[in-house]
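Subject: Structure for you to look at

Hello,

Here is the structure I promised to pass on. Please open it alongside this note and follow the residues as you read.

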Amino acid sequence: MKTLSLIILLFLLITNCFAQQNKAIKEKTFFNKTVVFGSSVTVIPDNESVNGISKDARFTETTWALNLQYDVTNHYRAGIDVKNIFTAGQLSGKNHYYMVGLTNQWKFFHTKNTFTFLELAPYLGNYCTCGDDNPYKKNGLVFLNAGAGINIKLAERLRLDLAFHSASILNKQPGKYNFTQYIIGLDYLFYTKKYANYLRRPGEKKR
């Protein structure tokens, strides 16, 4: 049932992507001009938990995320996101996990230098936030990630990304709980040649 739900969700997201692009083409408002490369690092310290009991031992979860996105329209951005999750515990040692997802971002409340957004993304990964102890490795996990945030202009091509994400495991897994994170990242914008010429100042040569 969870697999069927994920397939339906993916179908709806892909359909939405094409619908948004077709609408934008008809209205001649589509970007077709910005590719966004983003990266963020999230560090969450905690105490280790063994057999459901919190121990006086340090446990640190560090997530390095890389994503590549495309502005389908002025208000919709889609792409791929890869999360590398590193944990280090005094009792459990060092471990590495991953999550790979298809991002969908809807933008709201545009101003000259900022916009807010909502996100929804299906992920595949092996980071099982389950049970009373520390997260552990479990292959074949399917997640649904939801989030919200704000994007702030720092320079012509550089943006600050501030957000909060919460990922739910869709598989049947005892004791599962949401994988929640704050996000502090940077986005770098790559413009197509056509859009770069649109941005040029009067009298400036074409790029």
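β4 and β5 form a hairpin with five residues between them. In the turn, F109 has a positive phi of about 55°. Eight bridges join β4 to β5, and the two run antiparallel. Two strands count as paired if DSSP finds at least two bridges between them. Q105 stands opposite E119 in β5. β5 also pairs with β6, again antiparallel, over 14 bridges. There, A121 has N145 in β6 as its bridge partner.

Before the rest, some ground rules. The model is predicted, so local features need pLDDT of at least 70 and side-chain atom pairs count only at pLDDT 80 or more, while totals for chains, interfaces and linings use all residues. Residues are numbered from 1 along each chain as its sequence is written, and side-chain values use heavy atoms, with hydrogens and water left out.

**Overall layout**

The chain holds two helices and eight strands. Along the sequence the pattern is α-β-β-β-β-β-β-β-β-α. Of the 207 residues, 39% are buried. Buried means under 20% relative accessible area, exposed means over 50%, and partly exposed lies in between (1.4 Å probe, protein chains only). Contact means heavy atoms within 4.5 Å. Among contacts between residues at least 6 apart in sequence, 57% join residues at least 24 apart.

The chain averages a pLDDT of 81, and 72% of the residues score at least 70. pLDDT is the predictor's confidence in each residue, from 0 to 100. Confidence is highest in β7, at a mean of 96. Helix α2 (residues 193-199) is lowest, at a mean of 48. Over residues 24-31 the pLDDT is below 50, and this stretch has twelve contacts beyond near neighbours in sequence. Residues 195-202 also stay under 50, with twelve contacts beyond four places in sequence. Where pLDDT is low, the predicted coordinates should not be read in detail.

**The core**

The largest nonpolar core has 13 residues. Such a core is a set of buried Ala, Val, Leu, Ile, Met, Phe, Trp, Tyr and Cys residues joined through side-chain atoms within 4.5 Å. I85, M99, F143, I169 and F179 have the most contacts inside it. β4 (93-108), β5 (114-128), β6 (136-153) and β7 (158-169) each supply at least two residues of this core. β5 gives the most, with four residues.

Which residues does F179 contact, leaving aside its neighbours within four places in sequence? They are E61, T63, I85, M99, Y127, T129, H165, S166 and A167.

**Salt bridges**

The structure holds three salt bridges. The test is a side-chain nitrogen of Lys or Arg within 4 Å of a carboxyl oxygen of Asp or Glu. Side chains of opposite charge can pair when their charged atoms come close.

R77 bridges to D71, with the closest N and O atoms 2.8 Å apart. R77 and D71 are buried. K107 also bridges to D71, and the closest N and O atoms are again 2.8 Å apart. This pair links distant parts of the chain: K107 is in strand β4 and D71 in strand β2 (residues 53-71), 36 residues apart. K107 is buried too.

D81 bridges to K83, with the closest N and O atoms 3.5 Å apart. D81 has 4% relative accessibility, so it counts as buried. K83 is buried as well, with a relative accessible area of 3%. Shared partners join D71, R77 and K107 into one network of salt bridges.

**The disulfide**

A search of the whole structure finds one disulfide, meaning a pair of cysteine sulfur atoms within 2.5 Å. The pair is C128 and C130, their sulfur atoms 2.0 Å apart. Why is the disulfide of C128 and C130 called left-handed? Because the torsion about its S-S bond is about -85°. C128 counts as buried because its relative accessibility is 0%. C130 is buried, with a relative accessible area of 3%.

Best wishes
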